[in-house]
Amino acid sequence: MTGIASHPEIAATLALKRRGITLTLLTTAYFFSYMDRQILAILQELIRKDLMLSDTQLGLLAGFAFAIFYATLGIPVARLADRGNRVNIIAIALALWSLMTAVCGLAQNFVQLLAARIGVGVGEAGSSPPSHSIIADLYPPEKRAGAMGIYSLGVVLGTAFGTMIGGFVAHLYGWRVAMFTVGLPGIALAILVKLFVVEPPRGMSEAQIVAEGQDKGVIPPLGEGFRTMLASGPAFNLVMGVTITSLIGYGHAAFGPSFMQRSVGLSMIDVARYVAPVGAICGTISAVGGGWLANKVAAKYGLHAQAWLVLALKCIGLPLSFLFYFSSDPYVAVPLYWVSVLFVSSYLGPSFALIQGLAPLRMRALWAAVTLLVINLVGLGLGPTAIGVISDLLRPTFGEDSLRYAMLTFAAATPWALWHYWRAGVLLKRAGA
């Protein structure tokens with residue numbers, strides 16, 4: 001690949017030919033990252049009883065302990081990605097986090113499981129920033145939201161398949177074998193990424209910008225990356241919107257299967273067999289459909305309409321989410337969950353596409369890493385941890401139903417995120433986007 005990289009025209013031609021397989025493999029890697037990350041959710045009740053853990057400890061495993069390394073290491077990885085070979089970084093990271101997921105199955109106590117989860121977070125730090133950068137180079141702005149929508153399938157499908165595979169395998173063989181089952185195949189995928197993904201030339205999808213010499217090939221200082229993002233009103237509001245949405249989403253995802261088991265009356269195998277498969281279909285429709293709709297509204301009204309599309313879809317999904325968390329009848333709660341997923345899972349593609357479109361060429365991986373730093377420290381770090389703490393605090397009053405009220409508390413923060421999406425759309429429209 002070094003020889004190809006030294007000839008930009010050849011690299012660009014080959015990258016375009018393999019654009020479909022590149023997007024497929026990057027999406028699959030993202031899928032594995034979420035499957036390995038979220039399998040803990042379906043296994044929580046088994047792990048809680050086996051290792052005698054509290055909800056607070058479970059929240060730390062799913063949240064802050066994982067996120068602190070995942071988020072902070074994303075910055076140096078992004079700097080490396082803006083300078084070097086992004087494909088190599090993704091392949092190495094994928095192999096590392098897959099191995100550490102399997103190691104989780106060897107843990108005998110909270111500390112050992114915590115250390116293994118930290119290892120998963122360290123590995124996953126090397127995936128998303130370089131992937132965002134590659135996709136932005138492969139797809140022009142008018143097609144980028146659709147591509148990012150497909151890439152975001154990794155979130156909904158990874159979460160769903162982690163639930164399905166983890167639930168089925170744990171039901172038959174225990175939670176430790178489930179960890180081995182989802183972790184080890186990722187090492188083979190890392191080899192495929194290395195063999196078939198081509199490193200595209202920087203700025204390939206904005207040939208005019210490169211031709212005019214706006215990309216000088218100079219990597220800006222780290223501080224400039226933060227300053228430029230904070231100075232961009234639309235980017236700041238988009239990051240705030242996606243961060244608050246992720247805070248709610250990560251918290252709910254970490255404890256969703258436990259909530260269904262404790263408060264809705266489903267078993268672990270029920271969640272894996274019935275809830276997760278239909279949830280995966282709904283999430284797929286939401287992610288791909290959201291990206292497709294975002295491209296359509298941008299073509300007709302401008303890029304600012306993508307932010308307002310997210311606002312509109314989440315406004316529809318919010319009352320459905322409230323009804324789901326208030327429900328105790330599985331025949332009412334589960335359909336409400338499925339329908340809410342159709343609307344609330346569409347935000348990632350348009351959000352990341354808009355942020356990448358606003359980023360300078362040589363700061364794309366850095367902007368992605370800064371976005372993910374904030375999202376994961378606040379969203380992934382605090383979301384599951386805070387829900388676990390709130391649930392433990394409410395347990396003396398509500399017993400096993402304390403998790404329901406912890407989940408509702410988080411859902412109530414959604415209007416804050418909606419305001420930022422509205423504001424981002426206003427500022428983008430004023431800028432003529």
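Thr-397 is found in helix H21, where helices (H or I, at least four residues) are DSSP runs numbered from the N terminus. This is a predicted model, in which local features need pLDDT of at least 70, side-chain atom pairs count only at pLDDT 80 or more, and totals for chains, interfaces and linings use all residues. Residues are numbered from 1 along each chain as its sequence is written, and side-chain values use heavy atoms, with hydrogens and water left out.

Is Thr-397 buried or exposed? Thr-397 is exposed, because its relative accessible area is 62%; buried means under 20%, exposed over 50%, and partly exposed in between, with a 1.4 Å probe and protein chains only.

Next, Gly-290. Gly-290 sits in helix H17, residues 268-301. Gly-290 has 3% relative accessibility and therefore counts as buried. Leaving aside residues up to four places away in sequence, Gly-290 touches Ile-285, Leu-309, Ser-346 and Pro-350, contact being heavy atoms within 4.5 Å. Val-310 is 20 residues from Gly-290 in sequence, and their C-alpha atoms are 8.1 Å apart.

Now the cavities. Rolling a probe the size of a water molecule over the atoms shows where empty space is left. Here a cavity is a set of points, on a 1 Å grid over the protein atoms alone, where a 1.4 Å probe fits but cannot get out; lining residues have an atom within 4 Å of a point. Grid points are joined across faces, edges and corners, and a volume is the space filled by probe spheres set on the points.

How many cavities of 30 Å³ or more are there? The count is 4. The largest cavity holds about 970 Å³. It is lined by 45 residues, of which Gly-249, His-252, Ala-253, Val-344 and Ser-345 are the closest to its centre. Helix H16, residues 233-262, gives the largest share of that lining, 10 residues. By class, the lining of the largest cavity has 29 nonpolar, 15 polar and 1 charged residues. Ala, Val, Leu, Ile, Met, Phe, Trp, Tyr, Cys and Pro count as nonpolar, Asp, Glu, Lys and Arg as charged, and the others, Gly among them, as polar.

The second largest cavity has a volume of about 60 Å³. Among the residues lining the second largest cavity are Arg-37, Arg-117, Tyr-250 and Pro-384. H3 gives the most to this lining, with 4 residues. The lining of the second largest cavity divides into 7 nonpolar, 1 polar and 2 charged residues.

Key
1 Å grid on protein atoms, 1.4 Å probe; cavity = no way out; pocket = protein on both sides within 12 Å on 5 of 7 lines; lining within 4 Å. Helix = DSSP H or I, 4+ residues; strand = E, 2+ residues; numbered from the N terminus.
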